[in-house]
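Please open the structure in a viewer and keep the selection tool at hand. The stops below are arranged as a tour, each beginning with a selection.

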Amino acid sequence: MSLARVQHISVSLDGFATGEGQSLEAPFGHAGERLHEWMFATRWGRAMLRRPGGSGGVDDAILRLFPAEIGAEIMGAGKFGYPGWHENPDWKGPWGSNPPFHTPVFVLTHHPRPSIEMKGGTTYHFIDASPAEALETAREAAGGQDVRIGGGPTMVRDFLAAGLIDHLHIVVVPILLGRGVRLWDGLEGLEKDYEVESVSTPSGVTHVTFTRAGL
């Protein structure tokens with residue numbers, strides 16, 4: 001069976017994966033881009049922004065695993081758009097006409113709408129489903145490849161609480177946010193079910209991976 005993977009979720013030292021006060025102008029609230037500066041300093045990150053330059057090294061190498069063996073993605077409503085996006089029929093996500101997913105993407109929302117086909121192979125499907133139901137649907141679409149659980153933190157936490165994540169990659173960024181949405185709340189003892197490894201890089205971030213025991 002394909003694996004359910006979480007990739008490149010950045011969290012602060014105090015466990016927040018997004019800041020407070022999210023809006024169209026501030027997708028990560030008061031955190032701004034501080035959680036992701038490490039990413040957009042790399043060649044991969046700058047290329048995603050269609051900008052030249054950037055660093056190589058470990059951070060860049062890890063980011064290049066993003067599309068590997070991924071056949072579908074599940075993301076939460078908060079990742080797809082700003083609060084209230086469901087009231088805007090023209091909203092197609094923040095990534096432009098050619099999003100970086102290139103697979104079917106299942107957006108979990110209480111406000112389903114018709115699917116949207118984008119350039120580059122991404123098609124957004126809007127579903128109101130439990131984590132287990134969404135994963136079953138995404139696996140059918142993934143054609144035997146893995147399913148990325150794309151975030152945000154509330155959705156990732158729900159999938160972890162349901163025991164559905166096989167591989168989890170968290171990037172601990174050395175900042176303190178103080179408020180926002182935490183990733184780890186309610187997940188005490190999670191590490192008992194996983195093999196945990198970590199590596200720090202010259203950028204100052206620490207990559208922590210949780211791989212389900214026995215995989």
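**Conventions.** This is a predicted model, in which local features need pLDDT of at least 70 and side-chain atom pairs count only at pLDDT 80 or more, whereas totals for chains, interfaces and linings use all residues. Residues are numbered from 1 along each chain as its sequence is written, and side-chain values use heavy atoms, with hydrogens and water left out.

**Whole chain.** The C-alpha trace spans about 45 × 40 × 30 Å along its principal axes. Of the 215 residues, 44% are buried (under 20% relative accessible area, with exposed over 50% and partly exposed in between, for a 1.4 Å probe and protein chains only). Among contacts (heavy atoms within 4.5 Å) with a separation of 6 or more, 63% link residues 24 or more positions apart.

**The sheet.** Next, select the strands of the open nine-stranded sheet, whose order is β5-β6-β4-β3-β7-β1-β8-β11-β10, with mixed pairing. Two strands pair if DSSP finds at least two bridges between them. At the edges stand β5 (116-117) and β10, each with a single partner strand, so one side of each lacks a neighbour in the sheet.

Now select β4, residues 104-108: four of its five residues are buried, so the strand is largely enclosed by the rest of the structure. Parallel to β4 runs β3 (residues 70-76), joined to it by four bridges; methionine 75 has valine 107 as its bridge partner in β4. Strand β6 (residues 123-127) is also parallel to β4, with five bridges, and here phenylalanine 106 stands opposite histidine 125.

Move to β10, which is joined to β11 by seven bridges in an antiparallel arrangement. Valine 196 lies opposite phenylalanine 210 of β11.

**Helix α6.** Select residues 153-161. Buried in this helix are Pro153, Met155, Val156, Arg157, Phe159 and Leu160. After α6 comes glycine 163, with a positive phi near 75°.

**Threonine 18.** Select this residue in strand β2 (residues 16-18). Threonine 18 counts as buried, at 3% relative accessibility. Leaving out residues up to four places away in sequence, its contacts are Pro27, Phe28, Leu35, Pro153, Leu177, Arg179, Gly180 and Val181.

**The second largest pocket.** Which residues are the closest to the centre of this pocket? The second largest pocket has a volume of about 290 Å³, and of its 16 lining residues, Ile62, Leu65, His167, His169 and Thr209 are the closest to the centre. Elements giving two or more residues to the lining are β1 (4-12), β8 (167-173), β10 (194-200) and β11 (206-212), with the largest share, four residues, from β1.

A pocket is an open set of points on a 1 Å grid over the protein atoms alone, where a 1.4 Å probe fits, with protein on both sides within 12 Å along at least five of seven lines; lining residues have an atom within 4 Å of a point. Points are joined across faces, edges and corners, and the volume is the space filled by probe spheres set on them.
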